[in-house]
Amino acid sequence: MFGEALRRRRGEKTLASCLGKVGVKMASWSAARCLFLLCCFGLCVSSSSRAPAQVRLVSERPGERPASLDRDWPAVVTHTHNWRFREGETTGSFSAAGEQLVRWCWDLGIRAVGVGSAWNPANEANFERFEGPDRDLYYSGQFDQKSVMDVAGVKATLTELNAQSRGSTLFYLDNETPKNRMGHMWWFGYLYDYPAWHDYSQDQPIKYYENDPSVEINALTGEPHTRRNLFEIVAIQRRAGAIGVFAHPTRWWVSNGKFTSNIAAMSGLFLIADGSLDGMAVMGDRVYNKPYQDLWFSFLDTGGKVPGFAETDFFLNQVMHHNELDTFRNYPHIGNRPLTARAIRDAARSGEVFFSNGGFLNVSVDGVPMGSVVRTGQSKRHRLRIEVYPAPNSRLGRIQIIGKHGTVLAVKDNFPGGVLEYEIPGHDEPDYVVVRAFGSGDDPDHDPDQVRYLAVSNPVYLWPPGFHREPARTLCRLRVALGSRWIGGSLEFQTADGELLRREPIHAGIISLSEPADSRIVLSKKGLQSRMFYIAMENADVEKDIWYLSSGEFRKDYPGLPQSVVPPQAFRLESLREALNRFEYEIR
Ligand SMILES: [Zn+2]
């Protein structure tokens with residue numbers, strides 16, 4: 001909030017000093033720049049003042065919230081930790097915590113919970129051991145990692161919760177993983193492929209690529225600690241049908257002078273490489289998290305699909321400290337399908353989900369649901385339908401219709417709930433429509449952090465005919481040095497999940513090929529241990545942009561930034577797009 005005000009003030013100051021200069025030194029370069037700025041400013045003003053006139057309210061039908069909506073749009077709580085404690089807390093009884101959780105879900109009308117690790121006390125004990133004294137052993141290569149998964153125990157924990165709730169709430173498996181300096185993720189349809197902490201590195205300086213300045217030596221091997229790359233993890237999860245959601249995308253803090261990043265530093269890279277994201281958390285930490293939403297809009301501005309979700313980051317053994325206001329819920333459209341983890345995942349994948357702390361909000365354009373595409377054009381007029389109801393025991397405040405760049409195109413105040421219909425103009429550019437419904441008394445413009453109630457739709461995408469964001473490709477130029485130990489071996493390009501794209505013999509000289517930006521290279525030769533790496537992660541320009549976020553370097557360019565604010569520009573999407581065009585690498 002403070003950062004916004006600061007930037008606005010700066011903008012005003014620049015403009016004022018420009019106006020002063022224009023009168024005095026018309027011929028100077030700075031005056032020309034000022035004129036340019038003035039023109040831009042004029043365009044901005046005229047387009048934002050013209051826009052509301054173009055979006056036209058066609059009809060409003062007030063009404064009560066139909067009971068059937070609760071069946072068709074179940075409340076789903078995600079990104080949780082079932083058995084976790086802050087430093088110094090006593091643990092208490094595991095079974096009592098489970099009973100409490102089931103009761104709490106019943107009281108709040110929570111119909112499904114993605115249950116994250118640590119899942120139970122045995123799992124927590126393994127966390128303690130293998131993230132603690134036996135960490136080097138676990139990652140030494142001399143330890144059977146999967147032997148400490150306890151699949152049966154984890155399954156039993158979920159079975160017990162589901163039995164206690166007798167079908168009133170579905171408890172399904174989730175896990176917040178990976179958790180490292182480049183970001184955290186949680187999942188719909190999570191595949192339990194390794195122990196919960198397998199891809200954690202917390203705040204340790206793990207080496208993720210060849211020239212990574214972060215190094216922590218494993219005392220048992222004498223080699224730097226490494227972890228799986230996110231491209232590999234996502235590919236494995238996707239192959240199993242899961243979709244990954246980038247958690248708390250702009251969260252960071254400084255404590256005792258030390259910068260800690262929870263920023264989703266890899267999210268922009270995935271967006272550019274894939275042309276879309278599986279998902280990102282847009283509601284979390286507080287109900288109206290403006291930095292999350294600003295980042296979301298800047299991602300949507302690329303024209304790619306980016307489903308937004310709510311997350312809680314709750315310790316489920318402490319849910320009694322939470323109420324309906326701070327429990328941010330996803331409402332996937334399940335309709336008359338049985339409520340299963342698979343149905344939730346499918347709805348999440350389709351993007352037909354809204355999120356709120358109790359309010360209802362369903363949006364369609366020309367009958368096309370959230371998450372889907374309407375073909376548009378300059379001459380078209382579209383019909384936007386908004387069905388909205390306040391959270392129980394509350395009233396609606398401002399309703400906003402939002403388009404490209406997060407611009408508010410129209411507002412509606414004093415609507416009690418029901419159905420609104422608008423006419424919205426078509427465009428020749430890819431666009432989207434998102435709707436936000438605040439509570440009465442909430443002031444999103446002047447007091448965003450104090451907003452109490454909010455419901456947010458997922459976008460309906462408005463694309464010109466034929467538009468589709470393609471995954472990026474990279475022109476790879478691999479130089480094989482004369483004395484390379486790999487000469488005589490072979491080089492494989494593989495998809496992110498290991499399908500062969502092509503195989504080349506390794507001679508001295510240049511190998512030049514265009515490949516998908518998320519692909520990987522495997523070098524192999526008889527007698528040598530083969531080496532695999534993802535081309536995006538060995539790309540020095542990509543590394544620079546990710547480091548800029550993960551190391552906190554961006555803060556130098558935005559002095560006075562409050563914690564957990566990252567300006568969308570700091571995600572450097574255009575720079576990443578440029579960087580992914582080309583990959584130069586020397587095979588030594
Ligand atoms: Zn996290």
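## Basis of the model

The structure is a predicted model, in which local features need pLDDT of at least 70 and side-chain atom pairs count only at pLDDT 80 or more, while totals for chains, interfaces and linings use all residues. Residues are numbered from 1 along each chain as its sequence is written.

## Helix α10

Helix α10 covers residues 290-300, and eight of its 11 residues are buried (20 or more other C-beta atoms, placed from the backbone, lie within 10 Å of the residue's own). Helices (H or I, at least four residues) and strands (E, at least two) are DSSP runs, numbered from the N terminus. Among the buried residues of α10 are Y292, W296 and F299.

The buried residues of α10 pack against α9 (267-274), β11 (280-283), β12 (308-310) and β23 (431-439); contact requires C-beta atoms, placed from the backbone, within 7 Å.

## Strand β16 and its partners

Five of the six residues of strand β16 (residues 360-365) are buried, so this strand is largely enclosed by the rest of the structure. β16 pairs with β19 (residues 381-389) in the antiparallel sense over six bridges; two strands pair if DSSP finds at least two bridges between them. The bridge partner of F360 in β19 is Y389.

β16 also pairs with β17 (residues 368-369), again in the antiparallel sense, over two bridges. Here V365 stands opposite V368. The hairpin of β16 and β17 has two residues between the strands, and D366 takes a positive phi near 55°.

## An open sheet of three strands

Another group of strands forms an open sheet in the order β29-β26-β32, with mixed pairing. β29 (509-516) and β32 (582-587) stand at the edges with a single partner strand each, so one side of each has no neighbour in the sheet.

Strand β26 (residues 473-480) runs parallel to β32, joined by six bridges. In one of these pairings, R479 has E586 of β32 as its bridge partner.

## The pair α4 and α7

Helix α4 (residues 94-108) packs with helix α7 (residues 151-165) at an angle of about 50°, their axes 10 Å apart. Axes are lines fitted to C-alpha atoms, for helices over the stretch in contact, and angles run from 0 to 180 degrees between N-to-C directions. The contact is made by G98, E99, L101, V102 and C105 of α4 and by E160, L161, Q164 and S165 of α7.

Conventions
Buried ≥ 20, exposed ≤ 12 C-beta atoms within 10 Å, placed from the backbone. Contact = placed C-beta atoms within 7 Å.
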